[in-house]
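Good morning, colleagues. Please keep the sequence and the structure in view as I speak.

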Amino acid sequence: MKRKLVMATLSLSLAFSTYTVSAETLSSIKEKKEQNRSEQNQTKGDLKENQNQQDYMLKQIEDLESSIDKTLSQIGNKKESIKDTKASIEKLKEEIQVLEKRIKERDELLKERVSSMYESGGAVNYLDVLLGAKDFGDFLDRVFALNVIAEQDKAILEEHKQDKMAVENKKGEVESELTSLNKDLKELEGLNQKLTAQKKQKNALLAQLEKEEEHLHDHIMKLDEKNDLLSAQEAAIKAEIARAKKEEEERKKREAAARAAAEAAAAKAKAEAAARAKSSSNSGSSRPVSPPPAPTPAPAPVYRDFIFPSQGIITSNFGYRSSGMHYGMDIAKGGSTVPIVAAASGTVSKAYYSSSYGNVVYITHYINGQLYTTIYAHMRSTPAVRSGQSVSQGTFLGYQGNTGASRGQHLHFELHKGPWNDAKSNAVDPRPYIQ
């Protein structure tokens, strides 16, 4: 009786310890979810700030594009003005050629006039003209003629002077205007280069912000995925606790029924032995009556906590490799229908498609008071089980595949002693558990 009490106390203590550990695990999962939510809120704040910066950058780019368009329009106008000015220069060159021709002709005429005056004695020649008059009328005509000649010479000289000044002025004006236009054009082209460089820089910053936004979105999605996994694990652990309690109750019922049957069998055997002894005593025989042989117990079923989840050879073990830490083991076999089964009984916490694991199943197990999580990754197609489903050891989950971040058909199998977490701090080498 004392031994039974000790065993019952030990069983109760073990059960209480199991559920205490589970409560701590659930509390840890809730805490991790809260941390993820906090990180999500922070990331969403960063995302909002990023989007505000993008809006500001887009406004700056629009302003720069407007300035560039305006500058290009001004450059076009300047080029058109330069074109018109060059056309004016060509026209002016023709006018200058005409003026220079007239100046040259006047130069020749004036040279002849001066040469003639020099050869005839200059001013004396005029006196000879006047003294050679036949009469007073002829004298007046000669005086008038000389005055006309003098006025013409004076006009020629003045016109000659004006033409030369006009040529110089026109040349100066056109060259000055052309220089000014070229200067403005150079400044505008420099401004355009500066604005274009600023736009390029802003576009680069915008591209960087867009890339950062994409990373923030991915991070939020990953946090969502992690929280979904944690929530699914939380539900699976609760389901496993309920299953463990139910199995414990059923086990106790079976043990109680077995004890009652054993006690009844013992009582029956004792009564039968007493009856035989009494019958023997009444017949006068002194030979002792031997009790009937005890029934041979049935052999205990062979049971392993975990079995191999798939067929094939192990192509990569748990541990570090060139690409980093490998948190599980890879099992591979050729063929399109290599089945994958549950390594132990438990509750499916998550069955879905992951960008890294591809088609994957997470199963939560309670074995001998210890929480475990197994992961079956890179399945060929959608898993054959669903989240929240209770599965037995050996339940078909899917086929080996090459989905997600995989390099060939295989099963990537992970075993976590405790709940799964993104740091994979509970991951252990599966080999000792399934051999």
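A residue is called buried when its relative accessible area is under 20%. The model on the screen is a predicted one. F306 has a relative accessibility of 1%, so F306 counts as buried.

Let me turn to the aromatic pairs. Eight of them are found in this model. In one of them, the ring centres of F306 and Y433 are 6.3 Å apart and the planes stand at 90 degrees, which means that the pair is edge-to-face. This pair joins distant parts of the chain: F306 belongs to the loop between α3 (136-283) and β1 (313-316), while Y433 belongs to helix α4 (residues 431-434), and 127 residues separate the two. Whereas F306 is buried, Y433 is partly exposed, at 26% relative accessibility.

There is also an aromatic cluster, in which ring pairs connect Y352, Y357, Y362 and W420. Over the ring of Y352 sits the charged end of K350, 5.4 Å from the ring centre.

I come finally to T403. Where is the place of T403? It is in the loop between β10 (396-399) and β11 (411-416). With a relative accessible area of 15%, T403 is under the 20% limit and is therefore buried. A polar atom of the T403 side chain lies 2.8 Å from the backbone oxygen of M379. Beyond its neighbours within four places in sequence, T403 is in contact with Y353, Y357, G358, N359, H378, M379 and R380. Among these contacts, Y357 is also one of the cluster members.

Note on methods. Residues numbered from 1 in each chain as written. Predicted model: local features only at pLDDT ≥ 70, side-chain atom pairs only at ≥ 80, totals over all residues. Heavy atoms only, no water. Phe/Tyr/Trp six-rings, centres within 6.5 Å; stacked < 30°, edge-to-face > 60°. Helix = DSSP H or I, 4+ residues; strand = E, 2+ residues; numbered from the N terminus. Buried < 20%, exposed > 50% of the residue type's maximum accessible area, 1.4 Å probe, protein only. Lys NZ or Arg CZ within 6 Å of the ring centre and 35° of its normal. Polar contact = N/O pair within 3.5 Å; in protein donor to acceptor, adjacent residues only side chain to side chain. Contact = heavy atoms within 4.5 Å.
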